Amino acid sequence: MTSENTIADFIQIGDLPITSDFSYQKAKAMEEIKRYFDGSWSNFNESDPGITVLEQLVYGLTELGYCNDFSVEDILSNRNNEIEFEDQFLTPEQALLTNPVTDHDVAKVILDAFPMIGGVYVDCLTTNEDIPPDHKMERKAEADTEPSNYQYTGSYSISLATYQDLPLSQRLLLLGDVSVLLAGQRNIATLFSQFNILQPKSVTLHGEVLLDAASDPYQVREALQQAINNFVLPAISESSQAENLAEEEQSQAFYDGPLLENNWSGDIAPHTTQHKQIRCSDLAVCIMSIKGVLAVNNLAFVSHQEQKDEQAITVLDVGRAEIARIKLDPEAFQLLKNGSVVQVPEHPSVEGYVQRTLHDVQAVSSVAVTEEVPAGKYRNPGEYYSVQNTFPQQYATGPNGLPASASPYRVAQMRQLKGYLTLCDRLIADQFAQLAHIPKLLSFRMSDNGENIPAYATGSLDSISGIDDLIQDREVLSADLYADNDDFFRNRNLDHLLARHGENGADFARIVPAIAGLQSEERTSVFIKSIWLQNSALLGYHRNRGFNYLTAKPLIKPGRYRVARQYAEHLLSDGASASDLYSLLPILHDAYPSRENLKKAIAVVSENSDIAQKIDIDDNNEELIGFYPFVNGQLDAARLECREKLAPADIDNFSAFECRLNILTGLCIQYQLVAGVLLELIASEEFLSWIKVATSGEVFDSSQADDLAGNSGLNIRVEASDSHHIVYLSERKLVTLCPVGSGSPDKHLYQSHIDQLHWFGTQCKGSVFIEMILLLKSSSMTADEVKESGIKASDCFLNTRLLFPEYLEQVNSPDFRHSLKSITNLYLPANINNQIHFVSHEYLIEFLPDFCNWRNSLVEIKTAQATGVKKQDTVIYARKLLERLSNISALESGSAT
């Protein structure tokens with residue numbers, strides 16, 4: 001027997017979206033046509049050529065509507081059915097988690113890294129206003145109100161509680177490992193300066209516990225000891241991200257704090273609250289919660305640290321530097337059944353051992369730590385098939401076209417129709433292309449495969465037959481169609497992306513200065529916003545972090561020539577010994593004005609003149625030539641994007657604030673650009689001849705110099721005066737060069753400025769940023785020494801300094817200084833007081849080597865050996881810097897706060 005139902009009865013189409021509903025779209029189009037219809041050409045019959053054209057265009061629009069309704073995952077997926085997250089989206093962990101900020105965050109990091117630690121107690125150190133932190137540090141007062149003469153220092157004390165008592169050697173190793181960990185986690189102008197492990201306070205517990213008849217004495221006693229240990233120092237509760245996200249409160253706790261590697265701790269409060277008193281009544285509650293316990297009687301503590309006068313107490317006082325170690329007295333703590341004392345066996349029963357093992361296995365979580373990222377299916381939304389190919393054959397707009405015998409008049413008619421339809425194709429194809437362009441619109445990058453990412457995409461018209469007969473140069477047409485105001489629209493799109501990550505594009509508009517060499521301020525804004533977004537994951541996590549003074553890269557002092565980075569490989573291959581290499585450590589991070597000076601220094605420290613002749617030497621001027629970021633006066637965006645993308649190591653080498661400051665101001669780019677311009681000048685024989693005889697008022701123009709004109713595409717001009725030179729780039733003032741002392745500008749003065757600018761552009765992030773608490777602590781000054789030096793210790797607490805070269809015009813401009821104020825207000829922690837100084841080239845000649853020596857000497861001894869800096873020299877360098885900074889306001893260049 002056959003069914004009377006047809007297959008159509010089982011197909012349910014449902015209501016189509018209006019964007020894909022042909023009938024709806026055609027009806028709406030007909031309404032618009034009739035509004036403008038004058039009754040002269042159509043009866044709106046299906047056979048009407050105009051209605052045929054309308055239907056074909058509507059078909060194209062419904063296809064576009066169908067593609068517009070693809071899921072977001074499909075639109076964003078590439079040909080491998082994957083969504084590209086890098087430089088496009090941030091995962092929840094990247095967007096929400098931060099480096100440690102609160103005391104609980106610090107505890108989480110330590111507990112996660114060291115399983116033997118169960119308690120972390122952080123105290124903020126305060127001090128009297130005139131007493132330095134190393135001379136007299138006192139803990140934060142426990143009273144609700146602190147004395148007015150106490151202030152926060154930015155220093156913290158860390159007390160650690162371990163589950164087991166460790167021997168002295170292991171305690172020292174553990175303290176060292178924790179200090180190294182926290183050096184890489186600290187915030188700007190803060191310091192973890194004191195570490196200790198709580199000392200055990202051993203007591204025994206006396207009392208009686210009544211058990212039920214079915215309980216296992218061994219298991220109960222083990223559970224009793226474990227419950228007491230957990231009360232004093234709880235075990236870490238491990239749970240996965242998926243488990244935490246199941247509950248809203250746990251989810252909030254998971255995303256509020258640092259990224260952990262080994263476990264996710266739930267309630268952190270028990271691990272950060274130190275017991276000052278332990279009552280027997282509290283332990284009785286814990287004991288009663290154990291299965292098999294019926295009652296608890298006569299609990300008391302007895303301390304055995306003093307052999308005399310042992311006295312039972314019910315309240316145990318625990319000192320700030322102590323942790324209670326409570327053991328069950330083998331004789332005075334008794335388990336009873338039916339009124340009789342039960343003897344506890346030394347080993348568990350077989351049944352009890354199996355049950356305990358099964359319980360431990362079940363306690364292990366097998367849920368994955370992270371969630372899966374979404375994925376979609378590649379749909380190729382940018383592919384477009386021309387509506388001309390779907391017309392009836394008699395229209396001759398498709399691939400077959402007209403027969404060869406068609407008259408010129410008929411060919412002209414066909415081309416006229418195709419020209420009209422091509423305008424429609426252009427609009428529809430561009431909409432398809434823009435749909436496929438969405439992933440690039442959401443990208444943080446400014447360029448893709450070396451080409452700038454435009455705000456609008458144009459579709460291909462290759463599917464139109466005879467397109468080359470209609471448009472002579474369609475490549476140029478496609479490229480230029482939306483070229484006008486491209487930076488304006490890209491800027492608006494980047495503002496949208498910034499808003500999605502908690503940033504206000506208007507703030508950037510008030511900050512971003514124009515960098516010399518960029519076409520316009522609009523272009524500058526696009527570049528800086530793009531670089532900011534590309535670094536948002538790294539800088540977002542390390543919001544307020546300071547540099548890691550234990551692992552930061554050594555700084556090379558300003559100068560043209562230095563020992564090559566690959567010197568060791570070359571010397572070893574040439575027969576040098578390990579002792580020869582070690583002898584060079586003291587000068588590895590020095591730089592010299594000439595090759596001869598460097599070779600003399602090598603011969604002195606190595607006591608081997610042969611090494612001085614064999615060693616490779618790096619020339620900073622060659623690096624500048626290789627860096628040059630502008631082509632024909634325009635920014636090479638793709639190249640600069642690679643250079644300005646931060647690596648994780650940058651956060652160890654520099655504070656997050658320094659990185660943000662450089663991105664927003666483009667200082668490193670500016671320094672390298674100005675250094676490159678000065679290098680081009682001193683590479684010109686005509687300029688060197690001019691500089692020797694130039695008098696006040698004379699001008700050197702690169703367009704008039706045969707060995708400069710046309711080399712770089714940049715117009716360089718130098719104005720001479722009695723005491724200085726002013727250098728312009730494309731009529732824009734770049735830098736003012738003043739000689740040291742009473743001399744006149746010469747090649748050496750230009751090279752000295754090049755060396756300084758190259759240092760600012762490569763060894764730091766555009767400025768010298770100093771955390772005064774590090775400087776004061778490393779100086780090891782006593783209270784009397786601080787007073788004698790004229791330094792006020794309180795001015796070093798939660799205080800930073802920023803130094804810039806005043807001779808650079810961008811740094812001197814009012815716009816830059818206004819931007820600098822906005823940046824510090826937005827991105828420097830609110831509790832930090834910052835002072836800004838603009839200093840001369842002459843001042844920096846002496847200051848920068850001292851700064852490099854001090855910072856390189858902050859590292860551990862094992863790292864200090866690699867830098868060639870003796871650890872004891874840190875005090876000397878720190879005191880010299882403090883002296884220079886204390887006198888900086890008296891400099892002729894002045895200072896601004």
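Predicted model: local features only at pLDDT ≥ 70, side-chain atom pairs only at ≥ 80, totals over all residues.
A residue counts as buried when its relative accessible area is under 20%, and as exposed when that area is over 50%.

**The whole chain**

Begin with the entire protein in a cartoon view. It has 37 helices and 26 strands. Of its 897 residues, 49% count as buried. Among contacts between residues at least 6 apart in sequence, 76% join residues at least 24 apart.

**Two loop residues with positive phi**

Select Asp87, in the loop that runs between helix H3 (72–76) and helix H4 (92–96). Its relative accessibility is 12%, so Asp87 counts as buried. The phi angle of Asp87 is near 60°, a positive value in a residue other than glycine.

Next, select Asn338, which lies between strand E11 (322–337) and strand E12 (340–342), in the loop. Is Asn338 buried or exposed? Because its relative accessible area is 73%, Asn338 is exposed. Phi is positive here too, near 55°, and Asn338 is likewise a residue other than glycine.

**Two further loops**

Move to Leu402, found in the loop between helix H11 (350–362) and helix H12 (408–436). With a relative accessibility of 22%, Leu402 counts as partly exposed. Display its surroundings: apart from neighbours within four places in sequence, Leu402 is in contact with Ala396, Arg410, Val411 and Met414. Between Leu402 and Met414 there are 8.3 Å from C-alpha to C-alpha, and the two are 12 residues apart in sequence.

Then select Glu607, in the loop between helix H22 (595–606) and helix H23 (609–614). Glu607 counts as exposed, at 72% relative accessibility. Glu607 and Ser583 lie 24 residues apart in sequence, while their C-alpha atoms are 8.5 Å apart in space.

**The nonpolar cores**

In soluble globular proteins, nonpolar side chains tend to be buried together. The largest nonpolar core of this model has 118 residues. To see the members that touch the most others, select Leu678, Leu681, Val727, Tyr750, Phe804 and Phe847. Which helix gives the most to this core? Helix H28 (residues 667–682) does, with 11 residues.

Return to Phe847 and show what surrounds it. Leaving out residues up to four places away in sequence, Phe847 touches Val768, Ile770, Leu803, Leu881, Arg884 and Leu885.

Colour helix H35 (residues 841–856) and helix H37 (residues 873–886). The axes of H35 and H37 come within 9 Å and cross at roughly 145°. The crossing of H35 past H37 is left-handed. To display the contact, select the following residues:

- From H35: Tyr843, Glu846, Phe847, Asp850, Phe851, Asn853 and Trp854.
- From H37: Thr874, Tyr877, Ala878, Lys880, Leu881, Arg884 and Leu885.

**Aromatic pairs**

Show the aromatic side chains next; the structure holds 23 aromatic pairs. Zoom in on Phe657 and Phe769, whose ring centres are 5.5 Å apart and whose planes stand at 45°, so the pair is tilted. Where in the chain do Phe657 and Phe769 lie? Phe657 is in helix H27 (residues 656–665) and Phe769 is in strand E23 (residues 768–771), so that this pair, 112 residues apart, links distant parts of the chain. Both Phe657 and Phe769 are buried.

Another tilted pair is formed by Phe851 and Trp854, at 6.1 Å centre to centre and 45° between the planes. Phe851 and Trp854 are separated by about one helical turn because they are three residues apart in H35. Phe851 and Trp854 are both buried.

Now widen the selection to Tyr671, Trp759, Phe760, Tyr843, Phe847, Phe851 and Trp854, which ring pairs link into a cluster.

**Charges over rings**

For the last stop, select Arg186 together with Phe547. The charged end of Arg186 sits over the ring of Phe547, at 5.6 Å from the ring centre. Finally, select Arg717 and Tyr728: the charged end of Arg717 sits over the ring of Tyr728, 4.3 Å from its centre.

Technical notes
Residues numbered from 1 in each chain as written. Heavy atoms only, no water. Core = buried A, V, L, I, M, F, W, Y, C linked by side-chain atoms within 4.5 Å. Buried < 20%, exposed > 50% of the residue type's maximum accessible area, 1.4 Å probe, protein only. Helix = DSSP H or I, 4+ residues; strand = E, 2+ residues; numbered from the N terminus. Contact = heavy atoms within 4.5 Å. Phe/Tyr/Trp six-rings, centres within 6.5 Å; stacked < 30°, edge-to-face > 60°. Lys NZ or Arg CZ within 6 Å of the ring centre and 35° of its normal. Axes fitted to C-alpha atoms, helices over the stretch in contact; angles between N-to-C directions. Left-handed = near helix turned anticlockwise from the far one by under 90°.
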